[in-house]
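Please find below a short note on the structure you sent for comment. The points follow the fold, the surface, the aromatic pairs and the disulfides in turn.

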Amino acid sequence: MKKLILFIAICVSLMSCTKEQLGFKCNCGKVLSDDVSTYSVVIRNNCSNNEKRFYLQPGDWMDAFVGSEYCITNVDRW
């Protein structure tokens with residue numbers, strides 16, 4: 001019985017945590033697509049699952065591969 005109560009308490013405490021508290025970076029996400037003509041990428045946010053297009057500098061765009069995780073440093077979340 002004690003194990004059951006402990007298990008329920010742990011589950012409730014984890015459900016009350018935000019994704020940032022659990023270690024997700026809410027300014028990061030998975031690169032879904034890119035466009036070489038505008039040096040832009042579409043990224044799905046790790047926390048909200050929202051998708052947004054970001055316009056990057058050519059050097060930064062070269063490092064944002066489709067399927068990889070990429071962080072945008074000048075925003076907290078989207």
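1. Overall fold. The chain contains two helices and four strands. Their order along the sequence is α-β-β-β-α-β. The model is a predicted one, and the remarks in this note should be read accordingly.

2. Burial and surface. Of the 78 residues in the chain, 24% are buried. The accessible surface amounts to about 5,800 Å², and carbon and sulfur atoms contribute 59% of that area.

3. Contacts along the sequence. Among contacts with a separation of 6 or more, 42% are made by residues 24 or more positions apart.

4. First aromatic pair. Two aromatic pairs are present in the structure. In the pair of Tyr-39 and Trp-61, the ring centres are 5.6 Å apart and the planes meet at 75°, so the arrangement is edge-to-face. An angle over 60 degrees is what places a pair in that class. Tyr-39 belongs to the loop between β1 (28–35) and β2 (40–45), while Trp-61 belongs to helix α2 (residues 58–61); the pair therefore ties together parts that are 22 residues apart in sequence.

5. Exposure of this pair. Are Tyr-39 and Trp-61 buried or partly exposed? Tyr-39 is partly exposed because its relative accessible area is 32%, a value between the limits of 20% and 50%. Trp-61 has a relative accessibility of 13% and so counts as buried.

6. Phe-54 is buried, its relative accessible area being 9%. Trp-78 is likewise buried, at 13%.

7. First disulfide. Two disulfides are found in a search of the whole structure. One of them joins Cys-26 to Cys-47, with an S to S distance of 1.9 Å. The torsion about this S-S bond is about -85°, and the disulfide is therefore left-handed. Cys-26 sits in the loop between α1 (2–15) and β1, and Cys-47 in the loop between β2 and β3, so that the bond links distant parts of the chain, 21 residues apart. Both Cys-26 and Cys-47 are buried.

8. The link is right-handed, with 100° about the S-S bond.

9. Which relative accessible area makes Cys-28 buried? The value for Cys-28 is 0%, which is under the 20% limit for burial. Cys-71, by contrast, has 31% relative accessibility and counts as partly exposed.

10. When the bonded cysteines are counted along the chain, the disulfides follow the pattern 1-3, 2-4.

Note on methods
Residues are numbered from 1 along each chain as its sequence is written. This is a predicted model: local features need pLDDT of at least 70, side-chain atom pairs count only at pLDDT 80 or more; totals for chains, interfaces and linings use all residues. Side-chain values use heavy atoms; hydrogens and water are left out. Buried means under 20% relative accessible area, exposed over 50%, partly exposed in between (1.4 Å probe, protein chains only). Contact means heavy atoms within 4.5 Å. Accessible areas come from the Shrake-Rupley method with a 1.4 Å probe; for residues, only the protein chains shown count as cover. Rings of Phe, Tyr and Trp (its six-membered ring) pair if their centres lie within 6.5 Å; planes under 30 degrees apart count as stacked, over 60 as edge-to-face and the rest as tilted. A disulfide is a pair of cysteine sulfur atoms within 2.5 Å.
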